[in-house]
Every structure is written in structure tokens, then in C-alpha cells.
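Student: I've got a structure open and would like to go through it in pieces. Can we start with how the chains are divided up?

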Amino acid sequence: MADRSRFFRSELAGPMATAHSRAAARFMISPAVLLLLGWMIVPLSMTVYFSFLSYNLLMPGMEEFIGFTNYEFFLTDPAFFEALTNTILLVVGVLFITIVGGTALALLLDQPFWGQGIVRILVIAPFFVMPTVSALVWKNMFMNPVNGLFAHMAKGMGLEPFDFLAHAPLFSIILIVAWQWLPFATLILLTALQSLDQEQLEASEMDGANFGSRFIYIVLPHMSRAITVVILIQTIFLLSVFAEILVTTNGGPGYASTNITYLVYAQSLLQFDVGGGSAGGIIAVILANIVAIFLMRMIGKNLEA
Amino acid sequence: MSGVTLTKAVKKYGDLEVVHGVDLTVEHGEFCVFVGPSGCGKSTLLRMIAGLEETTDGQIAIGGRDVTAVDPADRGVAMVFQTYALYPHMTVEENMGFGLKMNGHPKAEIEAKVSEASRILKLDQYLKRKPKALSGGQRQRVSIGRAIVRGPEVFLFDEPLSNLDAELRVDMRVEIARLHKDIGATMIYVTHDQVEAMTLADKIVVLRAGHIEQVGSPMELYANPDNKFVAGFIGSPSMNFVEGLASSGAVVVPAFGNKAFKTDLALPSEGTPVTVGVRPQDISIAPAESGAEVDLTEQLGGVAYTYLICPTGERIVVETKGVEAPASGSQVWPSPAEDALFLFDAETEKRLR
């Protein structure tokens, strides 16, 4: 956001900008700003409003103001902390896999080889599969303990099939989500890699840096900005992973694969407690903002200049 | 001893041969300049010496050691790139010390060598800066510093001044010449600018299309070019070429009013066309009723270059001294100094001797 405001300021305060043209510019962007503002404010304020009501879908017309009780219940629910931990594990796990895997894939795809164009398109393909579909494919075709590919492989090696979604539900979901986001990370990191000045690599080669040193001292610093972008964008989306959980584990067993988003859904639509769900939603918004502030502090400076 | 010897060095990209069996010896401590038009293979040749391009065939030896298949880092060479190729996220100090750090030298030694190099290049006050905060000339100095710190046997420069503005280019040229005098190491320098070649080189190698056209000291090439290409490439402004006809013991030049110039050289049979070369400063002009038309004049202060259109339609450049330049459109009579003519075979472009 800081970058964007600076962009607008420099645009408007350029040598050509007079008070008049600045006013005209503000006037012209105002419809877009107002639309975005309304789009955000209306649902947000409705959620805030509901979060202070005792509002159960099974008892329509019985809504009444109950203050912070919804928040109290949501925050003291043992499921909340489990969901919070799961959310963090999910985000960190997927980020780790996609960045390490994405860097490795980008390094491979950067090498010249036959059929490069087609392979690059294939690598991007998972990104076009919608989350429900890919989660179902993983659930039924790979991880199913009876018919799944992994089960067949295990049996082929004389091992007992492992029921991924029952015994390692969160890990399985991390795998599925990471598979979806790997192409995105690969793509961004690949473009970063391709923009690296070849002469820098040659210079370091002449300086006696081997492949590992070249990667650590030249390639990785060059890619740091792209990695920052990947972390920022993915974090935003990974905090709200939902479809993959819904179609595979339904948050279970117990709360083992429930994240905050899924907990809010369960509260409001499975337990019909709209008030409690709204309170959870507001808490999720606050947590997301805390994460955003930390992220911008820690790595946002990578994006400047 | 750290001379560089190329023996029948060949470079092919697939089926395309770009360097055709080059034989060359660069003596220890010599400043050798590869010069030629774009695409002549001079950079490729340099990169082959550096080890950045594989040598398809032939042999490269540095200091008597065959390095044809040796890694770039182990050849005892350091290279200065046209785009500087500094590591953007490292400070000037780290940039210069990187090579030693990679080879596991102790910190104290690295520090000593970096400060020595920064003293030579006057970079002391910039050591903590990142390349981004430096001007083009400073960046190129850091890049040279990075080469010095490694203490190589041979320095390689790949068009190091092309990205600098004209004034800075002259300064850096002098600085590189001074550096060579101070360090005394073997240096190989690639440029397409013949002024750089003339001013810096002990030995110039003129390349064209992957072949060496001529090797020699700057003045040798200037005074005694082997062929039309070298004659035209060395010297600024470049030599004028007009058509002439061989007759007995003389060459008749239509462009200069059919004047016959006597010569002792072995001329081809009478009536055969030859190419006559004259340097711009060896032609004098005098106002006349007819002769050549003045196209335009460039005043450079001390000298002026007058562009003439001869009656034959050939264009020549004449260097004149003094303030008075002939007016555009007027007629002048160009008369070249008789002993300053270079004659070339019109077919093979070889010099007639």
C-alpha cells in the first residue's frame, strides 16, 4: 500500500500538475475509490453488526444485542487455538514447499532443453485447475487408501497403505495446496531468474565461485525480491484456504485440519450461529492484518527501490 | 612469464565457424588490443582466452601452460566486462574481495589487497557503497579493482569504455594506460574504437570476420598497412580510397584530375584498375575554377575536415589547418602528396609493394 500511495503522489505532484489538474484527477478516480470503499465497508459493517447479536438461524426473529459474548465464546473455544495453529502450519508449510520447490523447478526450467516451451506450459497447468477439483482428484485418485495411487505403490512394495486424510489430514492438505501454488511460485521465480545478468554469473565464475556459491551469493540475492512477492501474495490466499478442506476432510478428524476460515464456516453454517461466525470472521480479519503488518515490516523493504 | 599464445584457435557455434584458426602470441607484459568491426569475433576470441567460451579446436596457452580445457577461475586471468557486471547487492569492498573470498583466502589478506587496489584506483571513500550509488566511471573502476585484487597473470578487457560518455572515456583510457605501466601485467583489450587501440596498444590485432588481418604496433599498422581493410580501419578520419589506373611506372587517378602519380612499386599490367588510398591529412586543397566540389566542412577548432565530391563522383575527406574553410558548393583543387599514396590491388585489396 505504501508503494501505491507513493506512486499516486508522484504522478500528481509532477511538474505538470497544477492544483487544478490535481483536483480533476481526484474527481476522476473518485468513482472507482467510492465503489471499492462501498464494496468493502458494507459487508464489513454488516459482519461487525452481526457479531454483536445473538443470531441463530434456527431461531429467526429472536436476534438481540449481547455485546462481546460472541467474541468471548469464540476465543475461549479450544477449537479456536487448534484452528489458529493449523492456519499457521498450513501457511508456513505451503510457503516452504512452494518456495524451495519453486526455486528448484525454476533452476531446472531455466536450463535449455528440448521441448522447453511445452514443459513450461505443463508446469503452469495445476494453477488452472480449480481447488475443489484438484482436492477431489488428490483425495480419490492419489490418497485414497483403497484405490489411490499411493496405496497401490505401497502395496506394490509390500507395505501397508497409508490413509493420508485420516492419519495426517493437515499434512495432506498442505501437500494438495502446495501442489496448486507451486506453479505460481515457479513462474514468478523463473522470470526473476531469467532477468539475472549473465555477465554477473560469468564474472563470478571467473572469480572462482562454484555452482553452490554462485547460487548463494549471486542468484539468491537477485531473486530475493521475487521471493518476497511470492510470500506476500501466497500468504494472503493461504490464510483463506477453504475448498480443499471442505471436500477432503471437512476439518476433521476432530479439528485436526480445521483452519480459522473453516471454523468460521462451521460456526455459522453448520451450527447456524451467525453471530458467533461473524465474531470469528472479525477475529480472522484482525489476525490477517497483524500478519500483513509483520510481513510488510519484515520483507516489505525488499520491494523498495 | 605470462604471455598468451593461441595456436590455430577455432570457435564454432554448431556448424557456424566464427573464429577461423587464429595464431597469435602476446608477449609477457604486453598491452594487446583486439580491434575490428562488430561481429568480427574479437569478443569471442577474448572469451575463449577467458574460458567463458569453449575452444572448439586448437590450443590456448597462458604463461606456457596449456589452458584450453581449464576452468576460467584457474587460468590466472581476470576480466573486466563492458556492463561492469558488478554484484549489485554487495558493497564495493565485497565486490572487489569476492574472488579471494571464493578461493578461501584469509580475511586480513583480502582486506589488505582490497585496500591496495582501492588506493591505486582512488576508490577509498566508496568502499562501503553499493554499485547503485556509483557513477559509470566509478563502477568501471570497481570492476577493474575486482580484477586487480585477484592478482591475475593476464587482464582481459571486453570493451570496458563503451558504456561511458566521451569525456569519461578519455579519462579512463589514460587511467588504464597508467595502470598497465604501474602493474606491468599482460593485458588484452577488446574495442571497436580505433582511437583506443592506437593510444593504448603495444600491439594491435586487427580482426575481420574471424580472421586476423594484421598484427603490429600502432604506428606500424598506421604507416604500413597490409591491405585496404587495415588501412581504412586504422586512422581517424579513415583513409580515402579512390580508383586509379595502372600505367607504365605511374598510376593515373581520375578523381584528382587524371593526374599521373609516379611510383616504383610493382604495378599490374597497364590499364588495370588499382585502389589508391590517401590519408586526409596528406591532401592539400587550393581554390580553383574546377576540380572537386566542397560538400561541407566540419570545424574542429585546430583542424577542419572538408568533405569533397570529386568529378568522378567519389567522395573524399581532406584535413585542413587554420581558420579559413572553403565555402560549401565552391570548387577546390585537391592535390595529394605523391609519396603518401597507398596502392592496393582492386581485386584482392592487398597492398601493392
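Student: How many Å separate the centres of domain 1 and domain 2 of chain A?
Tutor: The centres are 32 Å apart, taken over C-alpha atoms. Keep in mind that this is a predicted model.

Student: Which residues belong to each domain of chain A?
Tutor: Domain 1 of chain A covers 1-51, and domain 2 covers 68-303.

Student: How many residues are in contact between those two?
Tutor: Five residues of domain 1 of chain A are in contact with eight residues of domain 2 of chain A. On the domain 1 side, helix α2 (residues 19-51) of chain A gives the most, with four residues. By class, that side of domain 1 of chain A has two nonpolar residues, two polar and one charged.

Student: OK, chain B now. Where are its domains?
Tutor: In chain B, domain 1 is 4-233 and domain 2 is 240-345. Their centres, over C-alpha atoms, are 39 Å apart. Five residues of domain 1 of chain B are in contact with five of domain 2 of chain B.

Student: What does UniProt place at residues 4-234 of chain B?
Tutor: The UniProt record, an unreviewed entry, has the feature "domain: ABC transporter" there. Over residues 4-234 of chain B, the chain is 37% helix and 26% strand.

Student: Switching topic: which residues touch the most other members of the largest nonpolar core?
Tutor: They are V177(A), V33(B), I49(B), L156(B) and I188(B), in a core of 143 residues. Helix α9 (residues 169-194) of chain A gives the most to this core, with 13 residues.

Student: What does V33(B) touch?
Tutor: Leaving out residues up to four places away in sequence, V33(B) touches Y189(B), T191(B), A197(B), L200(B), A201(B), I204(B) and V205(B).

Terms used
Residues numbered from 1 in each chain as written. Chains lettered and ligands numbered in written order. Predicted model: local features only at pLDDT ≥ 70, side-chain atom pairs only at ≥ 80, totals over all residues. Domains from an automatic or database assignment. Contact = placed C-beta atoms within 7 Å. Helix = DSSP H or I, 4+ residues; strand = E, 2+ residues; numbered from the N terminus. Nonpolar A, V, L, I, M, F, W, Y, C, P; charged D, E, K, R; others polar. Core = buried A, V, L, I, M, F, W, Y, C linked by C-beta atoms within 7 Å. Buried ≥ 20, exposed ≤ 12 C-beta atoms within 10 Å, placed from the backbone. UniProt positions renumbered as here; feature names shortened; annotations may be inferred.
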